[in-house]
Amino acid sequence: MLEKMDDFFENRLSDYDRHMLADIDGASGFYAYTAAKLPTAPGTRILDLGCGTGLELEQYFPLNPTAHVTGIDLSKAMLEALAAKFPDKDLTLINASYFDLDLGSEQYHAAVSVESLHHFTADLKMTLYQKLHRSLKPAGYFILTDYFAESEALEKEYFFDFENLKREQGITDDAFYHYDTPLTVEHEMEILTKAGFPQVEILKSWGSTHTVIAKR
């Protein structure tokens with residue numbers, strides 16, 4: 001049975017960090033790599049989309065302990081776990097959907113998202129990435145580390161199966177439900193480009209997981 005997104009992660013909170021670090025291919029490397037690509041100047045302002053329990057921040061704060069991080073996540077329980085990890089850090093944590101929020105204009109030096117955006121459609125991502133582009137300072141950039149569909153056929157299959165499950169379970173589109181629907185990395189990069197990022201490239205890959213940078 002499909003679960004609402006926030007319920008899914010709350011129900012798995014006790015094992016979440018272990019699962020992500022031990023069971024996800026490449027995770028032992030990509031959290032540290034992602035963090036190392038974020039700016040380290042004192043007072044840097046970072047936006048973290050789908051911050052979860054802050055696994056990337058565990059790697060980032062030793063590199064930049066004075067950074068101000070705004071983290072957005074659907075799960076209140078995960079945000080509470082993140083806050084407990086970093087009681088002495090400059091955090092603003094928002095329990096909401098990043099699709100619904102006004103991200104502001106030229107607020108952040110960089111944005112980051114790790115293993116969060118593979119649940120959503122191209123249309124939703126386009127709207128989000130347009131807001132994200134506006135939210136970054138002129139020299140700002142977005143670091144996206146996520147896993148992607150290995151082919152267009154597989155991408156279509158994920159979405160087809162998800163729609164079938166929703167129909168079978170009588171689920172409407174008034175909430176987010178947990179199911180992986182990754183795009184191909186090529187489609188993801190096309191959306192970022194169309195959203196206004198003039199330079200988008202893959203920095204590193206771990207199998208089907210890629211780290212992408214989109215520069216404002």
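The points below go through a few local features of this predicted model.

1. Basis of the note. This is a predicted model, in which local features need pLDDT of at least 70, side-chain atom pairs count only at pLDDT 80 or more, and totals for chains, interfaces and linings use all residues. Residues are numbered from 1 along each chain as its sequence is written, and side-chain values use heavy atoms, with hydrogens and water left out.

2. The negative patch. Asp6, Asp7, Glu10 and Glu80 form a negative surface patch. A patch is built from residues with over 30% relative accessible area and no salt bridge, with like charges joined within 9 Å and nonpolar side chains (Val, Leu, Ile, Met, Phe, Trp, Tyr) within 5 Å. Areas come from the Shrake-Rupley method with a 1.4 Å probe, and for residues only the protein chains shown count as cover. A salt bridge is a side-chain nitrogen of Lys or Arg within 4 Å of a carboxyl oxygen of Asp or Glu. Asp and Glu count as negative, Lys and Arg as positive, while His and the chain ends are not counted. Each charge is placed at NZ of Lys, CZ of Arg, CG of Asp or CD of Glu.

3. Where the patch sits. Helix H1 (residues 5–11) gives the largest share of the patch, 3 residues. Glu80 belongs to helix H5 (residues 76–85). Helices (H or I, at least four residues) and strands (E, at least two) are DSSP runs, numbered from the N terminus. Glu80 has a relative accessible area of 48% and is partly exposed; buried means under 20%, exposed over 50%, and partly exposed in between (1.4 Å probe, protein chains only).

4. Strands E6 (residues 199–206) and E7 (residues 209–215) run antiparallel and are joined by 7 bridges; two strands pair if DSSP finds at least two bridges between them. Lys204 stands opposite Thr211 in E7. The hairpin has 2 residues between its strands, and Gly207 in the turn has a positive phi of about 65 degrees.

5. Two glutamates with positive phi. Glu106, in the loop between strand E3 (90–95) and strand E4 (108–114), has a phi near 50 degrees. Glu115, in the loop between E4 and helix H6 (122–135), has a positive phi of about 55 degrees. Is Glu115 buried or exposed? Glu115 counts as buried at 10% relative accessibility, whereas Glu106 is partly exposed at 39%.

6. A contact across the sequence. Phe176 lies in the loop between helix H7 (152–168) and helix H8 (185–194) and is partly exposed, at 27% relative accessible area. Phe176 and Lys4 are 172 residues apart along the chain, yet their C-alpha atoms are separated by 5.8 Å.
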